[in-house]
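These are my notebook entries on a single protein chain. I record in turn what I looked up and what I found.

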Amino acid sequence: MKYTVVLPAAGSGKRMKADKNKLLLELFDKPIFIYTLEVFQRDPNCESIWLAVKEEERLLIKNYVGKYGISKVAGFAAGGAERQDSVRACLDMIPACDVVLVHDAARPFIEPAVISGLAEEAAETGAAIAAVRVKDTIKKAESGIITETVERDKLWIIQTPQAFDYSLIKRAATTAFEDGYLGTDEAMLVERLGHPVKIVESNYENVKMTTPDDLIYGKAILESRRQEEQQ
């Protein structure tokens with residue numbers, strides 16, 4: 001299933017304890033976001049890539065895109081104060097299409113099979129998100145006292161990509177903006193319209209590079225994949 005992908009890339013390095021956008025940090029001498037872009041560059045079903053960037057980083061990111069031959073990048077939107085603003089800015093720029101994926105540029109290890117499953121599900125039902133099952137026991141507590149052990153079988157850790165019918169995500173984003181509503185992900189904007197969102201099971205390697213510990217994990221994933229390719 002053909003799709004267009006939107007990547008918010010206007011973040012910061014605060015939780016990474018870095019003095020620049022975390023996406024510009026390198027894993028084995030390559031910026032994090034380039035690994036992410038390369039996944040979509042290689043996917044024949046990806047028709048175009050749209051990035052939301054900080055104005056002061058636009059030229060730098062464009063130069064990286066050119067250096068690494070990411071030819072599917074079709075445009076750069078102005079990143080907003082919130083992720084939701086950045087995604088909406090991209091949606092306002094992209095031509096009408098069938099399926100739109102929204103993906104964290106800081107998740108460089110997404111698997112093509114998951115992307116394909118999401119695009120197919122979104123084409124059929126309108127909305128689908130990547131997620132993995134909760135492995136740990138989860139408890140609710142008040143004032144440090146446990147009040148409930150939550151049934152783990154019904155809990156999922158949500159990731160990206162999140163995939164949507166183009167007209168649906170446009171309507172959801174516009175409605176949220178007009179209502180002054182701020183969600184934590186795109187699925188929340190669709191959910192509040194009353195539209196069901198399907199889960200496509202992902203994998204635990206699809207981690208978001210957020211803290212210094214994640215960089216250690218990211219290098220381990222890359223090293224493992226390189227060794228597999230050499231076998």
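**Entry 1: two loop positions**

In which loop is the place of Ser71? I found Ser71 in the loop between H2 and strand S5, which covers 73–78. I note here that the model is a predicted one. I then looked up the accessibility of Ser71: at 61% relative accessibility, it counts as exposed, because the cut-off for exposed is over 50%. I also looked up how Ser71 stands to Glu201. The two are 130 residues apart in sequence, and their C-alpha atoms are 29 Å apart in space.

Next I turned to Lys54, whose place is in the loop between strand S4 (46–53) and H2. Lys54 has a relative accessibility of 22% and counts as partly exposed. From Lys54 to Pro161 I read 107 residues in sequence and 21 Å in space, C-alpha to C-alpha.

**Entry 2: aromatic pairs**

How many aromatic pairs are there? The count comes to 2 aromatic pairs, by the rule that ring centres lie within 6.5 Å.

I looked up Tyr3 and Phe40. Tyr3 and Phe40 are both buried.

I then looked up Phe33 and Tyr64. Here the ring centres are 6.0 Å apart, and the planes are at 80°, so this pair is edge-to-face. Phe33 is in helix H1 and Tyr64 in helix H2 (residues 58–67), so the pair ties together parts that are 31 residues apart in sequence. Are Phe33 and Tyr64 buried or exposed? Phe33 is buried, with a relative accessible area of 2%. Tyr64, at 18% relative accessibility, counts as buried because the cut-off is under 20%.

**Entry 3: helix H1 and its contact with H2**

I went on to the packing of H1 and H2. Their axes come within 11 Å and cross at roughly 50°. That angle makes H1 oblique to H2. The crossing of H1 and H2 is right-handed.

Which residues of H1 and H2 meet? On the H1 side I listed Phe33, Ile34 and Leu37; on the H2 side, Ile61, Tyr64 and Val65.

Of its 11 residues, 9 are buried, so H1 is largely enclosed by the rest of the structure. The buried residues of H1 include Phe33, Ile34, Leu37 and Phe40.

**Entry 4: helices H3 and H5**

I looked up helix H3 (residues 83–93) against helix H5 (residues 166–179). They pack at an angle of about 130°, with their axes 10 Å apart. This makes H3 oblique to H5. H3 passes H5 in a left-handed crossing. From H3, the residues that meet H5 are Gln84, Arg88, Leu91 and Asp92. Among the residues they meet in H5 are Tyr166, Ile169 and Phe177.

**Entry 5: charges over rings**

Over which ring does the charged end of Arg192 sit? It sits over the ring of Tyr181, 4.2 Å from the ring centre. The charged end of Arg226 sits over the ring of Phe28, at 4.6 Å from its centre.

**Entry 6: backbone angles**

Most residues other than glycine have a negative phi, and most peptide bonds are trans. I therefore looked for exceptions to this pattern.

Phe28 is one of them: its phi is positive, near 50°. Phe28 lies in the loop between strand S2 (26–27) and strand S3 (30–31), and at 35% relative accessibility it counts as partly exposed. Ser143 also has a positive phi, of about 55°, although it is not a glycine. Its loop runs between strand S8 (138–142) and strand S9 (145–150). Ser143 counts as exposed, at 81% relative accessibility.

Which residues does a cis peptide bond join? It joins Thr160 and Pro161, with omega about 10°. Pro161 is placed in strand S10 (residues 156–165).

Definitions and conventions
Residues numbered from 1 in each chain as written. Predicted model: local features only at pLDDT ≥ 70, side-chain atom pairs only at ≥ 80, totals over all residues. Heavy atoms only, no water. Phe/Tyr/Trp six-rings, centres within 6.5 Å; stacked < 30°, edge-to-face > 60°. Buried < 20%, exposed > 50% of the residue type's maximum accessible area, 1.4 Å probe, protein only. Helix = DSSP H or I, 4+ residues; strand = E, 2+ residues; numbered from the N terminus. Lys NZ or Arg CZ within 6 Å of the ring centre and 35° of its normal. Axes fitted to C-alpha atoms, helices over the stretch in contact; angles between N-to-C directions. Parallel < 35°, antiparallel > 145°, perpendicular 65-115°, else oblique. Left-handed = near helix turned anticlockwise from the far one by under 90°. Contact = heavy atoms within 4.5 Å.
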